[in-house]
Amino acid sequence: MIRPISKNALLLALVAIICVGLLSVLQQLTAPRIAEQRLASKMAILQDVLPAAAEQQLLDDCIAVHAPEWLGRAGPQSIFRWREQGDIAAYVVETTAPDGYSGAIELMVAIAPDGTVLAARTLQHQETPGLGDKIELRKSDWMLSFNDQAVTESTLSRWAVQKDGGQFDQFTGATITPRAVVRAVKKAALFIQKHPELANQPANCEGI
Amino acid sequence: MTQAYKELAAQGLWKNNPGLVQLLGLCPLLAVTNTVTNALGLGIATLLVLLGSNLVVSAIRNWVPNEIRIPIFVMIIASFVTAIQLLMNAFTYQLYLALGIFIPLIVTNCAIIGRAEAFASKNPLLPSAIDALMMGLGFALVLLALGAMRELLGQGTLFDGADALLGEWATVLRIEVFSLDHYFLLALLPPGAFIGMGLLIAGKNAIDHRQQQRQQTDKAEITRARVTGTIT
C-alpha cells in the first residue's frame, strides 16, 4: 500500500521539478526582453506627455512617493523630475483614479511646478468599451483637454465635468469615468503645487 | 491512415468542435471576442498550448500512472501556459496587455485538459498532434467568427488594433466597413457575446439538420432505384 503511494508522490515531485526548472530557464531568458518592453512602453508615454524631455535623464531622476490621499494608490508611486538648467521644469506623476467605473484607472500626468497640467495620458483601465474607453487617446482626443490647464484658486471649481458645473466634457452614457479621471488629475496637480520640497528629495526609484 | 486523420479534422473543426459542440472554454471565448484581433491572439495562444500539452502528454503516456495522471496533466498545461505568457510578454507586449488575465486563464480552459485526457493519453504522437491542431483550429475559428460578428456590429470595423498583434504593417488590415457615431454596446458587452454564441450554435445545428434531412431523402431515392432495378 505504502510503496505505490510513495512512488507516485516521488513521480509527481519529479514532474513538478522538471516543469519549474524549464520555466525558470525560460524566465531567465525572457527577463531582459520583458524589462526592455516595459521600459519602451513607459518611455513612449513619457515622451508623449513631455515631448521636450530626454528620456534617460527623466528616468534616472525619479522619486518614489507614498501619498494615497492624493495619488490614489496604497503603495508608492513614481514621480519623474525634468530639470532645465538645474531647476525643475516639470514633474511627470504616475497617479491612480481609484473610483473608475470598473476598477482603478492608471494615469500619467505631466505637471509644471506651479500646478499647471501640461498633458495627461491613460496607462491602464478596464472601463466599458465604447463608453468609458474614450479616455484612451487611441479612441478619442478627450485626454487632450487637460493640456495646459492650470489648477489655481480661481479655476478650482472648473475642474469637474460639465454635468457638475465644470469645463470638461462628459461622455454620453458615461459620467463616472471622466469624473474619476478629472478628479485624479486635479489631485495630482494640487499635490505637486503643495509640495515644492519634492524638488530636493534624493532620487530613490529603484525597484518600482 | 489518412482516413483517420480526416476524421480527426472533421471532429475538431465541425462535429465535435470545442466551442460549438463541447461548449468548453466559454470563459475566455465570451470575454475576449470583442475584436477580431483579440480573438486571433487568444486563438493562437490556445492552439499553441493545446499542441504542446497534447504532444507532451502523448509522449509520456506510457510512464504516467493512472492514479496521478490528472495532476501531471495540469502541471504540464500550466507550464505551457506560463511559457506562452512569458513569450507574449516579451515579444507581443501590446497584445499581452490587451489580453491580460485571459492568458493565465487558458489553464482553466477545459478543452485542453479534455483533449489530454480523452485523446492524447491514449494515442501516439502524430494523431495527438493532429487532434490538437484541429481542435485548436476549431476553437480559434469560433473565436474569430464571434469576434468578427461582434466587432462589425459593435464598432463597424474589422481588425481594429491588429498592429498590436502582428506589428506595424498590420495597420493596413484595419477595415472600416461603416462608421458609427456611437458604438453598438450590446454587441461589445458580454450579453452580446452570449447572444452571438447562441446564434452561432443555432446556425451550426441548422446546417447539420438540413444535411441530415438531405441524406435521408437521398437514401429513400436510392432504395426506390434499386427496387425498379430488380423489376426490370
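**Exercise 1.** Which strands of chain A does helix α1 lie across, and at about what angle does α1 run to β5(A)?

*Solution.* The model is predicted: local features need pLDDT of at least 70, side-chain atom pairs count only at pLDDT 80 or more, and totals for chains, interfaces and linings use all residues. Residues are numbered from 1 along each chain as its sequence is written, while chains are lettered from A and ligands numbered from 1 in the order in which they are written.

Step 1. Take the elements as DSSP runs numbered from the N terminus, helices being H or I of at least four residues and strands E of at least two.

Step 2. Helix α1 of chain A (residues 2-49) lies across β2, β3 (87-100), β4 (103-111) and β5 (116-124) of chain A.

Step 3. Axes are lines fitted to C-alpha atoms, for helices over the stretch in contact, and angles run from 0 to 180 degrees between N-to-C directions. On this basis α1(A) runs at about 155° to β5(A).

Step 4. Helix α4 of chain A (residues 176-194) also packs on the sheet, where it touches β3, β4 and β5 of chain A. Its direction makes about 145° with that of β3(A).

**Exercise 2.** Give the strand order of the open sheet in chain A, and follow its pairings.

*Solution.* Step 1. Two strands pair if DSSP finds at least two bridges between them. The six strands of the open sheet are ordered β1-β2-β3-β4-β5-β6 (chain A), with antiparallel pairing.

Step 1. β1 (62-65) and β6 (149-150) of chain A stand at the edges with a single partner strand each, so one side of each has no neighbour in the sheet.

Step 2. A64(A) has S78(A) in β2(A) as its bridge partner.

Step 3. β4(A) and β5(A) are joined by six bridges in the antiparallel sense, and I111(A) is partnered by V117(A) in β5(A). These two strands form a hairpin with four residues between them, and G115(A) in the turn has a positive phi of about 95°.

Step 4. Two bridges connect β5(A) and β6(A), with A150(A) in β6(A) as the bridge partner of T116(A).

**Exercise 3.** Describe the make-up of chain B and locate the largest nonpolar core.

*Solution.* Step 1. Chain B has ten helices and two strands, in the order α-α-α-α-α-α-α-β-α-β-α-α from the N terminus on.

Step 1. A residue is buried if 20 or more other C-beta atoms, placed from the backbone, lie within 10 Å of its own, exposed if 12 or fewer, and partly exposed in between. Of the 232 residues in chain B, 38% are buried.

Step 2. A nonpolar core is a set of buried Ala, Val, Leu, Ile, Met, Phe, Trp, Tyr and Cys residues joined through C-beta atoms within 7 Å. The largest core has 47 residues, and those that touch the most other members include A39(B), V49(B), I76(B) and I77(B). Its largest share, eleven residues, comes from α7(B).

Step 3. Two residues are in contact if their C-beta atoms, placed from the backbone, lie within 7 Å. Leaving aside neighbours within four places in sequence, I77(B) contacts V49(B), S53(B), V107(B), I112(B) and I113(B).

**Exercise 4.** How many residues does each chain bring to the contact between chains A and B?

*Solution.* Step 1. Chain B brings 20 residues and chain A brings 19 residues.

Step 1. On the side of chain B, the largest share, ten residues, comes from α4(B).
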